[in-house]
Amino acid sequence: MPNLTVDQVEAIARKAHAHQTDKAGRPYAEHLQAVADGVRDRGGTGEQIAAAWLHDAVEDGVLSREWLAAAELPRRVKDLVDAMTKRPGEDAESYAGRILATPGARLVKEADLAHNADPDRLALLDEPTRTRLSAKYATMRRLLGLTAG
């Protein structure tokens with residue numbers, strides 16, 4: 001069987017996340033689109049763009065690890081999605097370490113963090129949530145070497 005195209009992966013991700021909203025109540029597919037666009041804008045490959053569409057699917061439980069293992073996707077896409085999937089109870093250092101150890105995953109996570117930390121998006125949240133998430137995103141940026149200091 002041939003591998004799924006990026007358009008097919010996008011359709012699968014949109015369908016899988018169709019009933020999900022983000023913390024501000026927006027359709028979750030808007031976040032996936034923004035991350036995929038961010039990967040594209042950063043010069044990412046088709047494999048990285050496909051992984052961007054699927055980056056939260058296993059973690060959010062909308063697609064299973066078994067689905068990912070069996071999917072007609074290149075090993076590299078599967079590895080990127082696996083790297084981006086935070087494990088239950090996993091600390092930020094271990095998560096960042098796996099991302100850094102997986103070629104191409106840092107760029108996908110960079111696009112994810114850029115959208116998550118977008119000031120317009122954060123402004124829609126209550127202050128305690130905004131403060132907590134801003135600190136979480138800043139920590140991950142630091143662990144991934146995405147900060148200027």
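1. Leu144 is in contact (heavy atoms within 4.5 Å) with Ala96, Ile99, Leu100, Arg106, Lys109 and Leu113, leaving aside residues up to four places away in sequence. The model is predicted: local features need pLDDT of at least 70, side-chain atom pairs count only at pLDDT 80 or more, and totals for chains, interfaces and linings use all residues. Residues are numbered from 1 along each chain as its sequence is written, and side-chain values use heavy atoms, without hydrogens and water.

2. Leu144 also belongs to the largest nonpolar core, which has 39 residues; with Val39, Trp53, Leu54, Leu73 and Val81, Leu144 touches the most other members. Such a core is a set of buried Ala, Val, Leu, Ile, Met, Phe, Trp, Tyr and Cys residues joined through side-chain atoms within 4.5 Å. Buried means under 20% relative accessible area (1.4 Å probe, protein chains only).

3. Two or more residues of this core come from each of helices H1 (6–16), H2 (28–41), H3, H5, H6, H7 and H9 (127–143). H3 gives the most, six residues. Helices are DSSP runs (H or I, at least four residues) numbered from the N terminus.

4. In H2, the buried residues are Tyr28, Ala29, His31, Leu32, Val35, Ala36, Gly38 and Val39. Their cover includes H1, H3, H7 and helix H8 (119–122). After H2 comes Gly43, with a positive phi near 85°.

5. H5 (residues 75–84) has Val77, Lys78, Leu80, Val81, Ala83 and Met84 as its buried residues. Among the elements covering them are H3 (46–54), H4 (65–70), H6 (92–101) and H7 (105–116).

Key
Buried means under 20% relative accessible area, exposed over 50%, partly exposed in between (1.4 Å probe, protein chains only).
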